[in-house]
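Let's take a friendly walk through some ring contacts and a surface patch. Have a look at the sequence and the model first.

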Amino acid sequence: TAWYVVALALDPENRELYDEALAQLNEFIERGVFDEDPAAGRALTAHARRLLTERATRFPSSPAPVSLAQIEFLAAMVELHSGHPDGARQHFLASLEAGPLNEVLREFGTFETRLGNAEPAAELLRRALDRTLGESLEVNVQRAGLLQELGNAFHVAGNEAQAQRMYRQALDLYDAALPQLSEQGVGFVQSRRGVLLDTLGSREQARIAFLAAVEASPLEREIYMVPMMHLTTATPDLPLMRELYRRALLNLGLAPEWKVYFALWTQFVALRAGEPAGEEVDAVLERFARHTPWYGRLAAFGAGTLDGPGLVAAATTAGQRAEAHFYVAVRQTAAGDTGAA
């Protein structure tokens, strides 16, 4: 970034250089979106805004390769993933003011749903739906995802009848899309069909969909994550959770932290079902409990060698503290101490 500043100072009338710098900055920000420390992301987005303003001044009739709406959206995601919801909302609003993008409307709507703000969430998601036009396969899959998120917003609002209606509309679109999809697309859609089917009470059909997703895309981590995250808080189905966990370990070159997360989620389902998690889960947690990074502290908690206060004390960032409190709450829930949880 510093070299681009020097280069533009030497050659300020070079439009291609501005475009290259903006495109590169945009890529740098995208890479840092999931960092818990937002400092670098904030610095890069501030610099990108400044370059965009300078470019617009020098070349007012030429559209830039990156828009202000895109930069503000990435700035929102930087704040969101570093645990700063107020900052994220500010940048989401700035992005929409610069130009409404469907991706921003959806992410902003989902963000508001998760904070319990159902009314603004539903409005944002409706706007995204109104802008998602056409009858192509891609459009219908996008509309299904938006309807599913809209259903979640209605669920948060306590309007179960409307939530169920949105879920069924989303399921209908996914069902219609299935015969036209590639294997990777089948995995994506089946994993989301499974969530919808389980939410609508069709548990056996949901199980079939989740396993079909894994069969179609056995090497994609997200295909396991979607059902396992759902099953963590849905009605316990320990046999299905164990099967997904077993297949994930067999098929994926999982990084240590993901082996720990998948093991903890499976353990949670087992605790809620009142059964042991199983040797595979116990072995992974005991193995990684000796590791020093944060996932090692989580593994130690799962293995029973670190207690709840110790896990919370070991956390050093907002994200780690959020995870620590969540997993302690999981244990308390399973023990029946819902007030503490």
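Which charged end sits over the ring of Phe301? In this predicted model, the charged end belongs to Arg331 and is 4.2 Å from the centre of that ring.

Now for rings meeting rings. A pair of aromatic rings is described by the distance of the centres and the angle of the planes. Searching the whole structure turns up 13 aromatic pairs. Two of them are set out here:

| Pair | Distance of centres | Angle of planes | Type |
|---|---|---|---|
| Trp258 and Trp265 | 6.4 Å | 80 degrees | edge-to-face |
| Phe262 and Trp265 | 5.5 Å | 40 degrees | tilted |

The Trp258 and Trp265 pair counts as edge-to-face because its planes are 80 degrees apart, and the cut-off for that label is over 60. Trp258 and Trp265 are both buried. Phe262 is buried too. Helix 14, which covers residues 256-273, holds both Phe262 and Trp265. These two residues are three apart, about one turn of the helix.

Elsewhere, one aromatic cluster is formed by Phe73, Phe92, Phe108 and Phe111.

Trp3, Val6 and Leu10 make a nonpolar patch of about 420 Å². Val6 is part of helix 1, residues 2-10. With a relative accessible area of 40%, Val6 is partly exposed.

Key:
Residues are numbered from 1 along each chain as its sequence is written. This is a predicted model: local features need pLDDT of at least 70, side-chain atom pairs count only at pLDDT 80 or more; totals for chains, interfaces and linings use all residues. Side-chain values use heavy atoms; hydrogens and water are left out. Patches are made of residues with over 30% relative accessible area and no salt bridge: like charges are joined within 9 Å, nonpolar side chains (Val, Leu, Ile, Met, Phe, Trp, Tyr) within 5 Å. Accessible areas come from the Shrake-Rupley method with a 1.4 Å probe; for residues, only the protein chains shown count as cover. A salt bridge is a side-chain nitrogen of Lys or Arg within 4 Å of a carboxyl oxygen of Asp or Glu. Helices (H or I, at least four residues) and strands (E, at least two) are DSSP runs, numbered from the N terminus. Buried means under 20% relative accessible area, exposed over 50%, partly exposed in between (1.4 Å probe, protein chains only). Rings of Phe, Tyr and Trp (its six-membered ring) pair if their centres lie within 6.5 Å; planes under 30 degrees apart count as stacked, over 60 as edge-to-face and the rest as tilted. A charge sits over a ring if NZ of Lys or CZ of Arg is within 6 Å of the ring centre and within 35 degrees of the ring normal.
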